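Hi there,

Here is the structure I promised to pass on to you. Have a look at it first, and then read my notes below.

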Amino acid sequence: MPSKSNEIIFPKGFLWGTATAAHQIEGGNTNNNWWLFEKSGKIKNNDTALVACDHWNRYKQDFDLLKKLNCNAYRMSIEWSRIFPKPHTLDKKALDHYQKMIDELLKRKVIPFVTLLHFTLPIWWFNEGGLLNRDKEHLDHFAQFCRILAQTFKGKVKYYNTINEPSIVMLGYLTDMFAPGEKNIFKAIKALGTVLLMHGIAYHAVKSVDPDAQVGIVHNVQIPRPYNPQSLMDRLMAQCVDYFFNGAVIRALQKGKLPLQCIFHHKELLNTNDFIGLNYYNFLLVSPKLKDLATSATDNPLCGKDKLCAGLGWEPYPEGFYLAIKRMHRSFPHLPIYITENGIGTDNDAWRQNVMIDHLKMMHKALQEGIDIKGYFHWSLIDNFEWAQGYMSRFGLVAVDFKTQKRTVKKSGTLYATIAKANAIPASILKKFPKEIYKPKF
Ligand code: GAL
């Protein structure tokens, strides 16, 4: 890969995209379990995704924005509860609508990456036990959904992500910050196992219909660190968190063993990735002393006082991105990697620009070491409904005024457009962002 000292060049054919998820942008998704969670008052400011970005009606305008950002790829999810509002009852109109969306992307020469499950479950499926029910008949509903999509999109969609972030799905059974908001470690482990099985189901379903499709999971790599490195307890806990959030997912895909399972062997999980989707955001500080998993290590005055870590309060750790890429490469050395999400929730767009450049530099470092990274999808195209944080946490390269639905490209969006167009971080940009923001102290 060519690289001049005064600019950072990415490989030819590299994909530059943004990522979104149906429930977070479409609006009108009142037939899934997140809607139930929203109605139970668990979301900040009592926000709901009832309208969200009204993307269901404004998708053409949003895809124009995608083009304005010079993106050649786009990751979107298809809402299962729209396609099957009831068991075995296909909503043809909803399917046609998604087909039109895909056509509009292709018209703009944007490569679609379709996520089959991005957190939300149809209410009827959730009521049948959701992720805690592993009956064949129950899981077959998901296979049916995946097959229908692959049949419908054959020849138009080549890339599928099976499950978005299996380990984050588990949070719904560990905290009340995520649907369904239960606190039961046994249920959490079961849900994680089920969703990993659903990855295998999705892989085989898509391949049975479209053998040429490229299919891969999306794993959110967490970087757990002991709060106090001198404390044995903190170190043990960090290892335990690492097992459940990273190791268990990787092991299932490598060995066909579900979390904490030694005896059963799920052969159907082996060789179920044509590529690895990697999401990266933050590190976690771990200690029994901390109420939750902390995401800010320093008392850096930048973080907090000036709200530079606003939104989710995640302190950036660009080096962690490099470590995350290395880890996934070590675990699956023969598979290409797509960065399926990376970004920051903040109102401070200057901060977002810094964070973006620092992360892209880390990705480039991994590329230079020979790791086969084929694309980068920034989270997200537009500000959207950030799950339990509601509309407070803004991840978009494009701002949305949720009162008027007006979209405005942020400076970070323009910066991203320049990089995507050049397939490089040009010297002029590197000059503006000469050094890394900072390293967390741990
Ligand atoms: C990911 C998730 C996205 C988005 C993002 C920012 O975990 O896949 O849906 O919410 O985090 O928080």
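Let's start with the ligand: around it sit Ala 21, Gln 24, Asn 164, Glu 165, Ile 168, Asn 220, Asn 279, Glu 341, Trp 379, Glu 386, Trp 387 and Phe 395 (a residue is near a molecule if its C-beta atom, placed from the backbone, lies within 6 Å of it). This shell has 5 nonpolar, 4 polar and 3 charged residues (Ala, Val, Leu, Ile, Met, Phe, Trp, Tyr, Cys and Pro count as nonpolar, Asp, Glu, Lys and Arg as charged, and the others, Gly among them, as polar).

Two notes on reading the model. It is a predicted one, where local features need pLDDT of at least 70 and side-chain atom pairs count only at pLDDT 80 or more, while totals for chains, interfaces and linings use all residues. Residues are numbered from 1 along each chain as its sequence is written.

Next, the strands (DSSP runs of E, at least two residues; helices are runs of H or I, at least four, and both are numbered from the N terminus). Eight of them form a closed barrel, β2-β3-β4-β5-β6-β8-β10-β11, with parallel pairing (strands pair if DSSP finds at least two bridges between them). Within it, β5 (residues 159–164) pairs with β6 (residues 214–220) over 4 bridges, in the parallel sense. Asn 164, one of the residues around the ligand, stands opposite Val 218 in β6.

Finally, helices α7 (residues 136–153) and α9 (residues 185–209) pack at about 35°, with axes 8 Å apart (axes are lines fitted to C-alpha atoms, for helices over the stretch in contact, and angles run from 0 to 180 degrees between N-to-C directions; residues are in contact if their C-beta atoms, placed from the backbone, lie within 7 Å). The residues of this contact divide into 12 nonpolar, 2 polar and 1 charged.

Enjoy exploring!
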